[in-house]
Amino acid sequence: MKARRRTGPTDAVKAIVHDRDGGVCVRCGTRHHLTIHHRVNRGMGGAREEWINQAHNLLLVCTVCNGWFEDNPRKSYERGWKVRRPELPGEVLVLYADGREYRLTPDGVRSRSVAATR
Ligand SMILES: [Zn+2]
């Protein structure tokens, strides 16, 4: 077996993200064609940072929305689906398909933001 550097999340982390997000796409709520989306991209050397592949940097999304994020970066940053360095994924709230914003933690907890201003 060749020694390869792991660049994606472990199966255990993927399972945590799947459970946390209820088995549906974070943006549109579909149960079909789901994949794991990185909020902060694994950029140059990004995979060296431990949090890149932790639950708070990952979202369960469908392949359609995953492409939408790339086509609509401004809206994606506003809604927390994408996070721009130097902001960290634990600091930026995420809008879910229920219309509410949540804060995510590395261990897979999703909590309502208390300081919602709307
Ligand atoms: Zn979707």
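Predicted model: local features only at pLDDT ≥ 70, side-chain atom pairs only at ≥ 80, totals over all residues.
Residues are numbered from 1 along each chain as its sequence is written.

Let me start with the layout. The protein chain has 3 helices and 5 strands, where helices (H or I, at least four residues) and strands (E, at least two) are DSSP runs numbered from the N terminus, and reading along the sequence gives the pattern α-β-β-α-α-β-β-β. Of its 118 residues, 29% count as buried; a residue is called buried if 20 or more other C-beta atoms lie within 10 Å of its own, exposed if 12 or fewer, and partly exposed in between, with C-beta atoms placed from the backbone.

Turning to the strands, S1 (residues 34–38) and S2 pair in the antiparallel sense over 5 bridges, pairing being assigned if DSSP finds at least two bridges between two strands. Strand S2 (residues 58–62) has 5 of its 5 residues buried, so it is largely enclosed by the rest of the structure. In a regular strand the side chains alternate between the two faces of the sheet. In S2 both faces are covered, with Leu 58, Leu 60 and Cys 62 buried on one side, and Leu 59 and Val 61 buried on the other.

Then there is an open sheet of 3 strands, in the order S3-S4-S5, with antiparallel pairing. Strands S3 (94–95) and S5 (110–112) stand at its edges, and because each has a single partner strand, one side of each is left without a neighbour in the sheet. S3 is joined to strand S4 (residues 101–104) by 2 bridges.

Leaving aside residues up to four places away in sequence, Leu 95 touches Arg 79, Gly 80 and Glu 101, a contact meaning that the C-beta atoms, placed from the backbone, lie within 7 Å. Leu 95 and Gly 80 are 15 residues apart in sequence, yet 6.4 Å apart in space, C-alpha to C-alpha.

Finally, for the chain as a whole, 58% of the contacts between residues at least 6 apart in sequence join residues at least 24 apart.

Conventions:
Contact = placed C-beta atoms within 7 Å.
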